[in-house]
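Hi everyone, thanks for making time today.

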Amino acid sequence: MEWHIKCDAKDIARYVLCPGDQARAKKIADHFDSPRLVADSRGYVVYTGEYKGVPMTVIGTGMGGPVVAIGLEELAHMGADTFIRVGSCGVFQDFQQVGDVVIGSGTVREGGTSTAYLPLRFPAVPTFSVLRALVEAAEALDIPVTVGVGSAGDAFYAPREDNSRGELYQKAGIVSVEMESDTLFIVGQYRGWRTGALYASDGTNKATKPEDKEADFRRGEENAIVIALEAMLKIAQGD
Ligand SMILES: O=P(O)(O)O[C@H]1O[C@H](CO)[C@@H](O)[C@H]1O
Ligand SMILES: O=c1cc[nH]c(=O)[nH]1
(Lines give C-alpha, C1' and ligand atoms only; values in the text may rest on other atoms or scores of the structure.)
(Ligands and ions follow the chains in the order given, each with its own letter.)
Protein backbone atom coordinates (compact mmCIF):
# COMPACT_ATOMS: atom_id res chain seq x y z
CA MET A 1 0.00 0.00 0.00
CA GLU A 2 1.38 3.42 -0.97
CA TRP A 3 1.69 6.08 1.72
CA HIS A 4 -0.62 8.72 0.25
CA ILE A 5 -2.69 7.01 -2.45
CA LYS A 6 -4.31 4.19 -0.60
CA CYS A 7 -5.48 1.56 -3.05
CA ASP A 8 -4.58 -1.82 -4.45
CA ALA A 9 -2.08 -1.84 -7.33
CA LYS A 10 -4.54 -3.89 -9.35
CA ASP A 11 -6.88 -0.87 -9.27
CA ILE A 12 -4.39 1.29 -11.22
CA ALA A 13 -4.09 1.23 -15.00
CA ARG A 14 -0.91 1.75 -16.96
CA TYR A 15 -2.48 4.74 -18.76
CA VAL A 16 -3.15 7.78 -16.55
CA LEU A 17 -4.77 11.15 -17.15
CA CYS A 18 -3.72 13.70 -14.56
CA PRO A 19 -5.57 17.01 -14.19
CA GLY A 20 -4.94 19.20 -11.18
CA ASP A 21 -8.63 19.86 -10.66
CA GLN A 22 -10.34 16.98 -8.86
CA ALA A 23 -13.69 17.98 -10.42
CA ARG A 24 -12.10 17.60 -13.87
CA ALA A 25 -10.92 14.12 -12.85
CA LYS A 26 -14.56 13.19 -12.24
CA LYS A 27 -15.54 14.65 -15.63
CA ILE A 28 -12.87 12.53 -17.31
CA ALA A 29 -13.97 9.42 -15.39
CA ASP A 30 -17.52 10.05 -16.61
CA HIS A 31 -16.22 9.17 -20.11
CA PHE A 32 -15.16 5.72 -18.84
CA ASP A 33 -17.30 2.60 -18.87
CA SER A 34 -17.97 1.61 -15.26
CA PRO A 35 -15.70 4.16 -13.54
CA ARG A 36 -14.79 3.31 -9.95
CA LEU A 37 -13.44 5.69 -7.31
CA VAL A 38 -10.42 3.67 -6.16
CA ALA A 39 -8.76 6.21 -3.85
CA ASP A 40 -9.69 9.45 -2.11
CA SER A 41 -6.94 10.49 0.25
CA ARG A 42 -4.71 13.48 0.97
CA GLY A 43 -6.51 15.50 -1.71
CA TYR A 44 -5.93 12.88 -4.41
CA VAL A 45 -9.02 11.46 -6.08
CA VAL A 46 -8.37 8.46 -8.32
CA TYR A 47 -10.83 6.75 -10.66
CA THR A 48 -10.25 3.71 -12.84
CA GLY A 49 -12.40 2.40 -15.66
CA GLU A 50 -12.23 1.58 -19.34
CA TYR A 51 -12.25 3.93 -22.30
CA LYS A 52 -13.33 2.11 -25.47
CA GLY A 53 -12.07 -1.13 -23.94
CA VAL A 54 -8.71 0.18 -22.66
CA PRO A 55 -8.19 0.33 -18.87
CA MET A 56 -7.36 3.89 -17.83
CA THR A 57 -6.90 5.72 -14.54
CA VAL A 58 -7.50 9.39 -13.85
CA ILE A 59 -6.05 11.20 -10.86
CA GLY A 60 -7.01 14.67 -9.67
CA THR A 61 -3.79 15.68 -7.98
CA GLY A 62 -4.56 19.16 -6.71
CA MET A 63 -2.36 22.12 -7.61
CA GLY A 64 1.40 22.38 -7.92
CA GLY A 65 4.56 20.41 -8.51
CA PRO A 66 4.94 18.61 -5.17
CA VAL A 67 1.55 16.91 -5.29
CA VAL A 68 2.05 15.89 -8.91
CA ALA A 69 5.45 14.36 -8.18
CA ILE A 70 4.21 12.45 -5.14
CA GLY A 71 0.99 11.29 -6.77
CA LEU A 72 2.53 10.10 -10.01
CA GLU A 73 5.47 8.44 -8.28
CA GLU A 74 3.01 6.38 -6.26
CA LEU A 75 0.92 5.50 -9.33
CA ALA A 76 4.13 4.45 -11.09
CA HIS A 77 4.97 2.19 -8.13
CA MET A 78 1.60 0.57 -8.87
CA GLY A 79 2.36 0.03 -12.57
CA ALA A 80 1.48 3.28 -14.37
CA ASP A 81 3.94 4.50 -16.99
CA THR A 82 2.09 6.86 -19.34
CA PHE A 83 0.74 10.19 -18.12
CA ILE A 84 -1.19 12.93 -19.90
CA ARG A 85 -1.88 16.11 -17.98
CA VAL A 86 -5.29 17.60 -18.81
CA GLY A 87 -4.93 21.04 -17.33
CA SER A 88 -6.00 24.66 -17.53
CA CYS A 89 -3.70 27.55 -18.30
CA GLY A 90 -3.34 31.26 -18.72
CA VAL A 91 -2.04 32.62 -22.03
CA PHE A 92 0.27 35.35 -23.36
CA GLN A 93 -0.40 35.73 -27.07
CA ASP A 94 -2.97 38.13 -28.53
CA PHE A 95 -4.47 35.46 -30.76
CA GLN A 96 -5.27 33.17 -27.82
CA GLN A 97 -8.84 33.11 -26.49
CA VAL A 98 -10.57 31.61 -23.48
CA GLY A 99 -11.44 28.00 -24.33
CA ASP A 100 -8.58 27.51 -26.78
CA VAL A 101 -6.67 24.28 -26.33
CA VAL A 102 -2.87 24.37 -26.02
CA ILE A 103 -0.72 21.26 -26.44
CA GLY A 104 2.62 21.67 -24.68
CA SER A 105 5.77 21.00 -26.70
CA GLY A 106 7.96 22.14 -23.81
CA THR A 107 7.89 24.13 -20.58
CA VAL A 108 10.00 26.92 -19.12
CA ARG A 109 10.98 25.54 -15.71
CA GLU A 110 9.93 27.98 -13.01
CA GLY A 111 8.89 25.51 -10.30
CA GLY A 112 11.02 24.06 -7.53
CA THR A 113 10.04 20.40 -7.42
CA SER A 114 11.63 19.34 -10.71
CA THR A 115 15.02 20.69 -9.62
CA ALA A 116 15.13 17.96 -6.96
CA TYR A 117 15.22 15.49 -9.87
CA LEU A 118 17.24 17.16 -12.65
CA PRO A 119 19.08 20.50 -12.80
CA LEU A 120 17.71 23.40 -14.80
CA ARG A 121 19.96 22.71 -17.79
CA PHE A 122 17.66 19.78 -18.64
CA PRO A 123 14.75 20.87 -20.85
CA ALA A 124 11.23 20.04 -19.75
CA VAL A 125 9.66 18.41 -22.81
CA PRO A 126 6.96 15.81 -23.37
CA THR A 127 7.66 12.42 -24.88
CA PHE A 128 7.51 12.80 -28.66
CA SER A 129 5.14 9.87 -29.21
CA VAL A 130 2.66 11.35 -26.71
CA LEU A 131 2.95 14.83 -28.21
CA ARG A 132 2.33 13.36 -31.67
CA ALA A 133 -0.66 11.34 -30.42
CA LEU A 134 -2.19 14.49 -28.90
CA VAL A 135 -1.75 16.49 -32.10
CA GLU A 136 -3.11 13.66 -34.25
CA ALA A 137 -6.11 13.20 -31.93
CA ALA A 138 -6.92 16.91 -32.16
CA GLU A 139 -6.69 16.75 -35.95
CA ALA A 140 -8.91 13.66 -36.11
CA LEU A 141 -11.49 15.36 -33.88
CA ASP A 142 -11.21 18.56 -35.91
CA ILE A 143 -10.48 20.60 -32.79
CA PRO A 144 -8.08 23.50 -33.45
CA VAL A 145 -5.11 23.62 -31.08
CA THR A 146 -2.01 25.67 -30.51
CA VAL A 147 1.16 23.61 -30.08
CA GLY A 148 4.00 25.41 -28.35
CA VAL A 149 6.25 26.12 -25.40
CA GLY A 150 4.64 27.13 -22.13
CA SER A 151 5.79 27.96 -18.63
CA ALA A 152 5.03 26.41 -15.25
CA GLY A 153 5.82 27.51 -11.74
CA ASP A 154 4.75 27.33 -8.14
CA ALA A 155 3.33 30.74 -7.32
CA PHE A 156 -0.06 31.49 -8.86
CA TYR A 157 -0.34 34.80 -6.98
CA ALA A 158 3.32 35.80 -7.03
CA PRO A 159 3.70 39.59 -6.78
CA ARG A 160 5.14 41.14 -9.93
CA GLU A 161 7.07 44.40 -9.79
CA ASP A 162 6.10 45.08 -13.38
CA ASN A 163 4.95 43.20 -16.47
CA SER A 164 8.44 42.55 -17.84
CA ARG A 165 8.04 38.78 -17.49
CA GLY A 166 4.74 38.80 -19.38
CA GLU A 167 6.23 41.03 -22.07
CA LEU A 168 9.25 38.75 -22.43
CA TYR A 169 7.06 35.65 -22.65
CA GLN A 170 4.79 37.27 -25.20
CA LYS A 171 7.78 38.32 -27.31
CA ALA A 172 9.31 34.84 -27.01
CA GLY A 173 6.10 33.16 -28.21
CA ILE A 174 5.26 31.40 -24.94
CA VAL A 175 1.70 30.07 -25.18
CA SER A 176 0.71 28.96 -21.68
CA VAL A 177 1.25 29.39 -17.96
CA GLU A 178 0.27 26.73 -15.48
CA MET A 179 1.79 24.93 -12.51
CA GLU A 180 2.52 21.26 -13.15
CA SER A 181 3.95 20.42 -16.58
CA ASP A 182 7.53 21.28 -15.61
CA THR A 183 7.35 18.67 -12.86
CA LEU A 184 5.52 16.13 -15.01
CA PHE A 185 7.99 16.33 -17.89
CA ILE A 186 11.13 16.31 -15.75
CA VAL A 187 10.07 13.58 -13.32
CA GLY A 188 8.89 11.57 -16.32
CA GLN A 189 12.25 12.12 -18.04
CA TYR A 190 14.08 10.98 -14.92
CA ARG A 191 11.85 7.97 -14.24
CA GLY A 192 11.49 6.86 -17.88
CA TRP A 193 7.74 7.46 -18.15
CA ARG A 194 5.91 8.70 -21.23
CA THR A 195 4.38 12.12 -20.62
CA GLY A 196 2.36 14.74 -22.43
CA ALA A 197 0.23 17.72 -21.52
CA LEU A 198 -2.54 19.87 -22.87
CA TYR A 199 -4.44 22.74 -21.34
CA ALA A 200 -7.70 24.62 -21.81
CA SER A 201 -7.07 28.36 -21.74
CA ASP A 202 -8.86 30.17 -18.94
CA GLY A 203 -7.52 33.43 -20.33
CA THR A 204 -6.54 34.68 -16.89
CA ASN A 205 -3.58 36.61 -18.25
CA LYS A 206 -5.46 38.26 -21.07
CA ALA A 207 -6.41 41.92 -20.84
CA THR A 208 -9.67 41.42 -22.72
CA LYS A 209 -12.06 38.63 -21.75
CA PRO A 210 -15.09 37.31 -23.64
CA GLU A 211 -18.53 37.92 -22.18
CA ASP A 212 -19.11 34.33 -21.24
CA LYS A 213 -15.75 33.20 -19.95
CA GLU A 214 -17.10 30.25 -17.95
CA ALA A 215 -18.95 28.68 -20.89
CA ASP A 216 -15.99 29.19 -23.22
CA PHE A 217 -13.61 27.65 -20.70
CA ARG A 218 -15.87 24.64 -20.11
CA ARG A 219 -16.06 24.03 -23.88
CA GLY A 220 -12.26 24.12 -24.05
CA GLU A 221 -11.98 21.85 -21.03
CA GLU A 222 -14.23 19.25 -22.66
CA ASN A 223 -12.26 19.53 -25.91
CA ALA A 224 -9.00 18.93 -24.00
CA ILE A 225 -10.55 15.92 -22.27
CA VAL A 226 -11.66 14.18 -25.46
CA ILE A 227 -8.34 14.92 -27.21
CA ALA A 228 -6.47 13.38 -24.26
CA LEU A 229 -8.70 10.30 -24.13
CA GLU A 230 -8.41 9.65 -27.87
CA ALA A 231 -4.63 10.20 -27.78
CA MET A 232 -4.26 7.78 -24.88
CA LEU A 233 -6.42 5.24 -26.70
CA LYS A 234 -4.14 5.41 -29.76
CA ILE A 235 -1.03 5.10 -27.56
CA ALA A 236 -2.49 2.03 -25.86
CA GLN A 237 -3.51 0.46 -29.18
CA GLY A 238 0.07 0.93 -30.41
CA ASP A 239 1.64 -0.81 -27.39
O1 LIG B 1 -6.62 23.18 -13.98
P2 LIG B 1 -5.39 22.56 -13.38
O3 LIG B 1 -5.04 21.26 -13.97
O4 LIG B 1 -5.47 22.50 -11.86
O5 LIG B 1 -4.16 23.54 -13.76
C6 LIG B 1 -4.04 24.91 -13.45
O7 LIG B 1 -5.01 25.40 -12.56
C8 LIG B 1 -4.44 25.60 -11.25
C9 LIG B 1 -4.41 27.08 -10.94
O10 LIG B 1 -5.65 27.66 -11.09
C11 LIG B 1 -3.05 25.01 -11.31
O12 LIG B 1 -3.09 23.68 -10.92
C13 LIG B 1 -2.72 25.21 -12.77
O14 LIG B 1 -1.70 24.43 -13.28
O1 LIG C 1 -1.42 28.53 -13.35
C2 LIG C 1 -2.33 29.05 -14.00
C3 LIG C 1 -3.46 28.31 -14.41
C4 LIG C 1 -4.43 28.91 -15.11
N5 LIG C 1 -4.31 30.24 -15.40
C6 LIG C 1 -3.24 30.95 -15.03
O7 LIG C 1 -3.16 32.13 -15.29
N8 LIG C 1 -2.27 30.34 -14.33
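**A helix pair, a covered helix and a ligand shell**

Let's start with two helices: the axes of α3 (residues 128-141) and α6 (residues 213-238) come within 8 Å and cross at roughly 120°. Axes here are lines fitted to C-alpha atoms, for helices over the stretch in contact, with angles from 0 to 180 degrees between N-to-C directions. Helices are DSSP runs (H or I, at least four residues), strands likewise (E, at least two), numbered from the N terminus.

A quick word on provenance: this is a predicted model, where local features need pLDDT of at least 70, side-chain atom pairs count only at 80 or more, and totals for chains, interfaces and linings use all residues. Residues are numbered from 1 along each chain as written, with chains lettered from A and ligands numbered from 1 in written order.

Now, α5 (residues 181-191): eight of its eleven residues are buried, meaning 20 or more other C-beta atoms, placed from the backbone, within 10 Å of their own. Among them are Leu-184, Phe-185 and Ile-186. After α5 comes Gly-192, with a positive phi near 85°.

Finally, which residues surround ligand 1? Including those from Pro-19 to Asp-21, the shell has Met-63, Gly-87, Ser-88, Phe-156, Glu-178, Met-179 and Glu-180, each with its backbone-placed C-beta within 6 Å.

Key
Buried ≥ 20, exposed ≤ 12 C-beta atoms within 10 Å, placed from the backbone.
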